[in-house]
Amino acid sequence: MLDCVGLIEQRFDVSVDLVEDDLRSTFASVAAIAALVARKQSDQAVLRAAL
């Protein structure tokens, strides 16, 4: 599981919080992983725009 988290973080340049992002539900399906990545990337874009 943690290998998958690391690969997702590297490939999509996001940070997965092991406490905040419940891994059992977040990594339950490809759709759930895609939703997590989209949310994280959106959050990063908002933060970059604010700077």
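The legends below describe several close-up views of a predicted model of one protein chain.

Residues are numbered from 1 along each chain as its sequence is written, and side-chain values rest on heavy atoms, with hydrogens and water left out. Because the model is predicted, local features need pLDDT of at least 70 and side-chain atom pairs count only at pLDDT 80 or more, whereas totals for chains, interfaces and linings use all residues.

View 1. The protein chain holds 3 helices and 0 strands, where helices (H or I, at least four residues) and strands (E, at least two) are DSSP runs numbered from the N terminus, and its pattern along the sequence reads α-α-α. Along its principal axes, the C-alpha trace spans about 35 × 20 × 15 Å. Of the 51 residues, 24% count as buried; buried means under 20% relative accessible area, exposed over 50%, and partly exposed in between, with a 1.4 Å probe and protein chains only. Among the contacts (heavy atoms within 4.5 Å) with a separation of 6 or more, 29% come from residues 24 or more positions apart.

**View 2. The largest nonpolar core.** A nonpolar core is a set of buried Ala, Val, Leu, Ile, Met, Phe, Trp, Tyr and Cys residues joined through side-chain atoms within 4.5 Å. The largest one here has 9 residues, namely Val5, Ile8, Val14, Val16, Leu23, Phe27, Ile33, Leu36 and Val37. Helix H1 (2-12) and helix H3 (30-50) each supply at least two residues of this core, and H3 gives the most, with 3 residues. In soluble globular proteins, nonpolar side chains tend to be buried together.

**View 3. Helix H3 and its buried face.** The 21 residues of H3 should span 30 Å at 1.5 Å a residue, which agrees with the 30 Å between its end C-alpha atoms; the expected span is 1.5 Å times one less than the number of residues. The buried residues of H3 are Ile33, Leu36, Val37 and Lys40. Seen down the axis of H3, these residues fall within an arc of 95°, so they line one face of the helix, the arc being that of the directions from the helix axis to the C-beta atoms. What covers the buried residues of H3 includes H1 and helix H2 (23-26), while Ala31, Val46, Ala49 and Ala50 are exposed on the other side of H3.

View 4. Asp13, in the loop between H1 and H2, has a positive phi of about 50° although it is not a glycine, and Asp13 is exposed, with a relative accessible area of 52%. Leaving aside its neighbours within four places in sequence, Val14 is in contact with Ile8, Glu9, Val37, Lys40, Gln41 and Gln44.

**View 5. Glu9 in helix H1.** Glu9, which lies in helix H1, counts as partly exposed at 26% relative accessibility. Neighbours within four places in sequence aside, Glu9 is in contact with Val14, Ser15 and Val16. From C-alpha to C-alpha, Glu9 and Val37 are 8.7 Å apart in space, although 28 residues apart in sequence.

**View 6. Thr26 in helix H2.** Thr26 lies in helix H2 and, at 11% relative accessibility, counts as buried. With neighbours within four places in sequence left aside, Thr26 is in contact with Asp21, Ala32, Ile33 and Leu36. The C-alpha atoms of Thr26 and Leu51, by contrast, are separated by 29 Å, these residues being 25 residues apart along the chain.
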